[in-house]
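Please read the points below beside the sequence and the model, and check each residue as you go.

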Amino acid sequence: MIIRQLDIENFRGIKSLSLRLDETTVIFGSNNTGKSTIMAAIHSVLSRAFGRKGGIFSEYDYHLSGQSQPTDAPPIRITVSFSETAEGEWPDAKVQQLDKIVGMTAGGLQVVTLRVTGSYDDATSSFVASSEFLDPTGNPYPPNPNSLRKLQQLIPAFYLAALRDAAKEFRAGAPFWGPFVKALKIDPAVRAQIEQDIAALNQQVLDAHTGFESVKTRLAQSAKMVPLGGGAEPVSIEALPNRVFDILAKTQVMLSGTSGAALPLSQHGEGTQSLAVICLFDAFLDAQLIGEFGEGAVPILTLEEPEAHLHPAAVRAVGQMLSGFVGQKLISTHSGDLLSSVPLKSLRRLRRVGDDVKIYSIADNAFTEHEFQRLNHHVTRHRGGLLFAKVWIIVEGESDELAIQEAARIMGFDLFGIGICCFETNIGYAPFIKLADQLGIHWIATADGDAAGEGYINTSRAFLNGRVEADHIRQVPAFDIENYLCHSGFGQLYLQSMSAQKVQNYPLPDAIDAVSYWKQVIKNQGYLDGKPAKMLSVFEHIENLGSVALPLYLRETVELAVAKAKEGD
């Protein structure tokens, strides 16, 4: 039983948002696009008590949307919908527990919809929150005070923030570590024997360290001024805790350090602590979930930036580990390595446009299975980094990629920093153009002026769907990028890499045979001093001349990509 749909209105930085969720959903996007807000919304409605003073929302949770005061803000509405994906998916036992709030869609699927509302109440001069369950048509069911408690028991929600402090999470009262250190399940006879043995050991320590006796004597004098409890000895000293409960409450996790010594977890690095907290949560789900929440409980985990402080190799391992966690997972990330370790269909890209947050995801029938396999491979190869870009420049080959990147550098643009990813593809243009459109990434398709390039251009045109061609398609005004550089006045640099004999066979062209001439020059470039290597020397020469020497096609392609990237800010 997992969340299928989340709708948010007027909550923090989100005015209106509708998000479809899977069993594992990974959200990503620029800072301040609403990732943490989405997680807070789920945590608020599924894990907080509505009866507390002030409700579950603070004045800082209200989206002002032009108002200057939270008291004037429009109401917060968070709607969480649980739905079957196939008829009869939910066990009868769960349905019976929630019988008064389970509805049936026209398609025969069972659904539970919870809506939580927060607003300012003028009568009480305070912020209040209320909850109600809706039928499939959106009308409220009759109030039932036990329904929300039953739902929260069946679907407990847990939240792990990006700042995971092992010292905090591994203390006795922490929600995941606490259940492990409780002594309630120890047999009374065994506990009594342990405490007797500890008392004896404690006395041996005190006997060996006689200085404590003077402390006891001084403290015992306080009984003359402050009433103390009865007993033969009003003051005792415990070098070791005498009760099993006290011992377990002080239990520490020790990890071997690089020095060889076992150190408390809190003394290790941030990455080790962060990973340990995630592993602790996994252990809690495996060993304690049923005991804490009952049979049939299916947890929801919202986890911020699992990659925090971790090496990229460890990030990928964590991504695979999370896929094995029981229950539903909602994960936010800024890591391309993590994105490359999860299926593309699990991704949700967030983009802020003015006061709105747009969500992009891949439709169920957008790709064939073969296309998905090839795209997943390509995303993995690029470590997922291209998914964070605002603009894609899709090129035919290595030389085209190098030419655009060098042109941008000479023009003073950091493509990666701006949000532009330039890459070659060996699986065709269509899958990447479709993926870009699904994820809301602006694409620019470039191609050579030869027959193959015409094919790529025609393929790209088929996906314009009414958009301006000049914003998306750029064709090299020559056979290929090397020939274009030759026609732009840099052919002599390519001639320099040819033997003197070959140069004699290719006298400088006149206007009639220039095209075929430069084709032969490029064709005869040596392997060791081939196209990419020679191109670097060409751009070194251009850099010495200044950016004004850049050929027009390259300059305009970079300028177009930069302009489109800035539109996404």
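1. The model is predicted, so local features are reported at pLDDT of at least 70 and side-chain atom pairs only at pLDDT 80 or more, whereas totals for chains, interfaces and linings use all residues. Residues are numbered from 1 along each chain as its sequence is written, and side-chain values use heavy atoms, with hydrogens and water left out.

2. An open sheet of six strands runs in the order β8-β11-β12-β3-β13-β14, with mixed pairing. Helices (H or I, at least four residues) and strands (E, at least two) are DSSP runs numbered from the N terminus, and two strands count as paired if DSSP finds at least two bridges between them. The edges are formed by β8 (157-160) and β14 (356-360), each of which pairs on one side only. With direction ignored, neighbouring strands of this sheet are turned by 20 degrees against each other on average; the axes are lines fitted to C-alpha atoms, for helices over the stretch in contact, and angles run from 0 to 180 degrees between N-to-C directions.

3. Helix α9 (residues 270-287) lies across β8 and β11 and runs at about 165 degrees to β8, where contact means heavy atoms within 4.5 Å.

4. What links strand β8 to helix α9 across distant parts of the chain? F158 in β8 and F284 in α9, 126 residues apart, form an aromatic pair, which is edge-to-face, with 5.6 Å from centre to centre and 80 degrees between the planes. Rings of Phe, Tyr and Trp (its six-membered ring) pair if their centres lie within 6.5 Å, and planes under 30 degrees apart count as stacked, over 60 as edge-to-face and the rest as tilted. The structure holds 14 aromatic pairs, and ring pairs join F158, F281, F284 and F325 into a cluster.

5. F158 is buried because its relative accessible area is 9%, and F284 is buried because its value is 1%.

6. T302, in strand β11, counts as buried because its relative accessibility is 1%. Not counting residues up to four places away in sequence, T302 touches M39, I42, F158, Y159, L160 and L330. By contrast, the C-alpha atoms of T302 and V244, 58 residues apart along the chain, are separated by 34 Å.

7. Four strands form an open sheet with parallel pairing, in the order β16-β15-β17-β18. The edge strands β16 (420-424) and β18 (473-475) each have a single partner strand, so one side of each is left without a neighbour in the sheet. The twist from one strand to the next averages 20 degrees. Three bridges join β17 (residues 442-447) to β18 in parallel, with A445 opposite I473 of β18, and helix α17 (residues 451-461) lies across β17 and β18 at about 170 degrees to β18.

8. Helix α21 (residues 531-545) has 15 residues and reaches 21 Å from its first C-alpha to its last, close to the 21 Å expected at 1.5 Å a residue, the expected span being 1.5 Å times one less than the number of residues. Which residues of α21 are buried? They are K534, M535, V538, F539 and I542, and seen down the axis of α21 they fall within an arc of 140 degrees, so they line one face of the helix; the arc is that of the directions from the helix axis to the C-beta atoms. The buried residues of α21 pack against α14 (398-410), α18 (481-495) and α22 (552-567), whereas E540 and N544, on the other side, are exposed. Just after α21, G546 takes a positive phi of about 110 degrees.

Definitions and conventions: Buried means under 20% relative accessible area, exposed over 50%, partly exposed in between (1.4 Å probe, protein chains only).
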